[in-house]
Amino acid sequence: MTSSIERHSFNRRTLIKAASASTFALAAPRLSWGQSKTLVAATFPGTWSEADRQIILPAFKAQTGASVTQSIVLGTDQISRLVAAKGNKPPFDVAFFDAPQVIDAVRDGLIAEYPAAQSPNFKDLLPAAQNKWGPKITMQVIGIGYNPDKIKTPPTSWEDLWDAKYKGRVGLTALNSQLGIAFIAELNRIRGGTDDNFDPAFKALRELLPNVGAIGANLGAFATLWQQGEIDIAPYNFNFVQTLKAKGVPVEFAIPSTGPVGWSTSLHVVAGATEPELALQYIDLHLSAAIQEQMLKPPFDVIPTNAKVKLEGAITKSLAKTQDDLAKVRTFDWAKLNPQRGALIDRFNREIKV
Amino acid sequence: MTASGSRLILPLAALFFACFVAPLLVLLALSLHSDVAMKAWTIGNYAKFFTDPFNYSILVDTLLLGVKATLVCLIFGYPIAWLCARASARWQSVLLFLVILPILTSVVVRTFAWIVILGRQGVLNQIAMGLGLVHEPLRLLNTEMGVVMVLAQVQMPLMVLPILTVLSKMDPNLADASRVLGAGEWRTFWKVTLPLSLPGIIAGCILTYSANITAFVTQSLIGGARLIYMPLHIYQQAVGANNWPFAAAISIIFMMAVIAVVAVLSVFARASETYGRA
Amino acid sequence: MAERNSIQWDAVSIKLVFGLLSAVALVFLIAPTVIVLITSFTASQSLKFPPQSLSLRWYTALWDADQMQRAAWHSLVIASWTTVISVVLGTAASLAIARSRSPLLRAADLVFMSPLLLPALAFGFAALIFVNKLGFTPSISFIVLGHVIVCVPFVLRTTLAALSQLDPALLEASESLGGSAWMTFRRVTLPLISSGVGAGAFLAFMASFDNVPVSLFLADERSEVLPIHLWQQIETNLDVRTAAASGLIVMFTLVLMLIAEKFAGLTRQMR
């Protein structure tokens with residue numbers, strides 16, 4: 001009995017040592033990380049979070065000495081979180097929106113007007129990109145992604161997805177991302193539906209299901225499906241294809257015969273931001289010609305909006321030769337589609353449930 | 001025990017009341033309203049859940065998933081506990097170490113490993129194709145079978161430990177008596193060991209079952225978008241659709257379901273304990 | 001003679017069947033962890049197993065993973081506070097429960113253990129709603145409180161088990177020799193249950209460090225925790241750095257387990 005007491009007894013000295021060590025450790029964060037400022041900025045998963053991390057964050061740190069915490073959240077989820085935090089401190093200071101979200105954000109008072117006067121690079125943007133609520137920093141285009149190793153002749157039309165020879169090889173992504181919504185909207189348009197009637201789209205989806213191999217719950221899971229060779233053909237975003245290609249995954253981008261479909265993407269200062277000056281500098285950095293030229297290069301191939309930057313690389317090869325061509329890319333009436341988003345997601349989940 | 005000694009429970013009780021009971025009561029209240037500001041009472045959320053086949057099919061799928069995964073845990077977990085109970089002290093420690101290690105490693109890490117294992121070009125398919133068992137890679141990711149497999153691995157320690165506890169405490173004289181009376185090892189197992197270890201089995205099943213059906217990370221990372229179980233449904237409604245009252249109702253229904261299953265299994269547990277004593 | 005052979009075959013066959021099932025189960029249990037470790041040393045950008053060539057590049061890449069490091073730090077701080085609070089409150093509660101026969105305390109015990117069985121996701125969601133209704137924004141303090149709820153059951157389990165082994169005669173002896181309740185606790189009870197408390201503290205620490213369902217609702221970017229960050233990376237990037245971070249976590253867990261085994265006899269507590 002005594003030996004077990006000896007073995008298990010806490011030596012008073014070790015106890016004091018442990019206690020003081022842990023108190024120091026618990027207090028330490030105030031010492032080490034309190035020095036430099038941190039900006040919390042939202043960004044999209046995939047190409048953009050990686051481009052931001054590799055190009056913007058180091059440049060921002062060099063320019064301002066502040067570090068950035070990335071909030072990798074889809075546009076619609078950013079809106080939800082800003083709405084939930086209204087009246088309190090917003091979860092992030094810089095919002096990264098696709099065109100549809102800007103409409104909702106302005107209506108709900110979630111973003112502040114962009115102080116263009118204090119943003120030196122703003123005037124270099126293409127006229128269409130200079131928006132008072134926040135500059136457009138790029139454009140996203142969707143088309144058909146396919147595995148060139150398995151599919152020798154590039155697909156030419158959306159209808160190819162329904163081809164019986166791709167049974168079990170087709171991939172889809174959930175409607176929580178813009179890619180998903182844009183595909184359903186385009187599908188609806190091709191099959192004769194209107195913004196008020198999505199029945200043709202869902203009828204086509206039902207017909208597609210036997211061909212579907214897997215549906216990614218989110219963009220990351222979708223990228224995994226490509227990487228692990230689970231799917232060979234799917235609607236995909238031009239930039240994501242380039243980024244995956246750079247990682248050694250066999251994937252190519254093809255424009256369907258009906259033409260590419262796209263939308264603009266922009267950055268905004270959130271209303272009530274905790275670090276508004278840092279937020280402004282962060283966004284302004286995205287607008288500079290030097291940065292946009294870097295983002296233009298592989299593996300990101302981000303379409304630029306600065307008038308001084310010339311298109312090159314994969315963009316001119318697969319997408320468009322000039323900015324005028326890009327301006328002709330078809331887009332949607334987001335004001336009409338936005339209110340239907342919840343219902344579309346619900347309907348989609350019901351259709352695909354096994 | 002003095003009354004003052006009993007008062008030692010008060011700090012934790014106070015914390016639980018403030019941080020556990022109160023939030024759950026608020027959750028219940030929210031589920032009975034139609035809006036987050038809680039201005040209008042309604043049972044609409046519950047009605048919506050039970051009248052829509054989409055919703056209660058998710059509940060049924062989840063409960064069945066638990067059964068399947070728990071069965072797999074039992075079939076593979078019992079032998080480990082059985083082996084461990086018979087091992088020498090040193091091997092026991094080694095075996096236990098190996099059993100506990102997975103449950104202490106982050107669930108995100110382990111589930112992520114399974115993505116690498118179960119993929120079309122993953123380890124399992126490489127082995128299966130290499131051995132010539134299949135000619136086409138098996139689809140294991142995004143299938144229920146894949147989810148069952150991963151759940152069973154992730155929660156297996158919860159099955160092994162209670163069974164091991166019971167087996168270690170079992171009176172060895174009983175098994176010896178059985179053998180002396182001429183019964184073979186298998187007969188001894190079925191007639192003596194197994195019934196006496198029933199309390200441990202049921203305790204293991206309770207822990208494993210509730211862990212399996214609430215395992216959000218594993219279900220969604222391995223299952224994908226087409227396999228919707230209750231945890232993902234709650235998350236989609238709470239965060240995706242921002243429908244907090246409905247999400248609250250689903251949460252309450254889910255909790256009731258878990259409590260019901262655990263209660264039923266606990267009744268069996270108590271019955272099985274008297275079985276051993278008789 | 002035939003009967004003896006059949007009994008021999010019986011003994012062999014049962015060991016064979018159980019041994020085989022156990023072997024499969026053990027491989028099943030350990031393989032994922034091992035595979036993650038090996039894959040983290042890959043030199044390529046993709047997560048194929050077995051890796052074609054090995055390298056430490058993803059571990060060195062972790063040096064620049066500022067956000068991951070911040071998340072790891074948050075997780076460590078939160079886990080430490082959770083463990084301290086769980087141990088103090090949990091040990092006190094265990095003392096009360098172990099020595100009482102009151103049905104009220106038995107019921108309290110059940111309530112304290114219920115977070116282990118109830119869906120943690122539902123509790124996390126409830127906690128978020130509660131914090132919101134009270135008018136606060138989620139912060140590290142709230143995460144700690146949420147974690148204490150789901151981690152204190154571990155401390156209760158192991159401490160109660162240790163207390164049940166305690167011979168009440170020792171406590172009576174101490175009190176009859178004139179020791180106060182606090183002194184009896186400090187000099188007699190605590191040393192004897194220390195390995196039980198230690199094992200519980202270790203389990204609570206790991207449970208908090210790895211927690212996802214509660215952190216999912218209560219943590220935001222400014223208080224980001226490691227498992228959520230890793231999960232987000234898996235969901236958005238399938239970055240091999242995630243494998244390297246996972247490798248580090250596995251090694252960290254292993255080391256802590258070995259320490260817990262040495263000082264608190266972890267595996268002995270589990271039996």
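Me: What share of the contacts in chain A between residues at least 6 apart in sequence join residues at least 24 apart?
Reply: 74% of them. Two residues are in contact here if their C-beta atoms, placed from the backbone, lie within 7 Å. Before we go on, this is a predicted model: local features need pLDDT of at least 70, side-chain atom pairs count only at pLDDT 80 or more, and totals for chains, interfaces and linings use all residues. Residues are numbered from 1 along each chain as its sequence is written, while chains are lettered from A and ligands numbered from 1 in the order in which they are written.

Me: OK. What does the secondary structure of chain A come to?
Reply: Chain A has 15 helices and nine strands. These are DSSP runs numbered from the N terminus, with helices being H or I of at least four residues and strands being E of at least two.

Me: And how many helices and strands are there in chain B?
Reply: 14 helices and zero strands. For chain B, 72% of the contacts between residues at least 6 apart in sequence join residues at least 24 apart.

Me: What about the largest nonpolar core, which residues have the most contacts inside it?
Reply: B:Ala81, B:Ile234, C:Phe125 and C:Val152, in a core of 177 residues. Helix 8 of chain B (residues 144-169) gives the largest share of this core, 16 residues. A nonpolar core is a set of buried Ala, Val, Leu, Ile, Met, Phe, Trp, Tyr and Cys residues joined through C-beta atoms within 7 Å.

Me: Which residues is B:Ala81 in contact with, leaving aside neighbours within four places in sequence?
Reply: B:Val160, B:Ile163, B:Leu164 and B:Leu167. There's also a second, separate core of 101 residues, which includes A:Ile111, A:Trp158, A:Ile215 and A:Val270.

Me: Switching to interfaces. How many residues of chain C are in contact with chain B?
Reply: 73 residues of chain C, against 72 residues of chain B. Helix 1 of chain C (residues 2-39) gives the most to chain C's side, with 20 residues. That side divides into 53 nonpolar, 13 polar and seven charged residues. For those classes, Ala, Val, Leu, Ile, Met, Phe, Trp, Tyr, Cys and Pro count as nonpolar, Asp, Glu, Lys and Arg as charged, and the others, Gly among them, as polar.

Me: And how many residues does the contact take from chains A and B?
Reply: 19 from chain A and 17 from chain B. On chain A's side, helix 15 gives the largest share, five residues, and the side splits into eight nonpolar, eight polar and three charged.

Me: Is B:Phe189 buried or exposed?
Reply: Buried, because 20 other C-beta atoms lie within 10 Å. B:Phe189 is in helix 10 of chain B (residues 185-196), and B:Phe189 touches B:Leu194 and C:Ile14, not counting residues up to four places away in sequence.

Me: Now the backbone. Which residues does the cis peptide bond join?
Reply: A:Pro298 and A:Pro299, with omega about 5 degrees. A:Pro299 is in the loop between helix 11 (289-296) and helix 12 (314-319) of chain A. A:Asp301 lies in the loop between helix 11 and helix 12 too, and A:Asp301 has a positive phi of about 50 degrees although it is not a glycine.

Me: Why does A:Asp301 count as buried?
Reply: Because A:Asp301 has 25 C-beta neighbours inside 10 Å.

Conventions: Buried ≥ 20, exposed ≤ 12 C-beta atoms within 10 Å, placed from the backbone.
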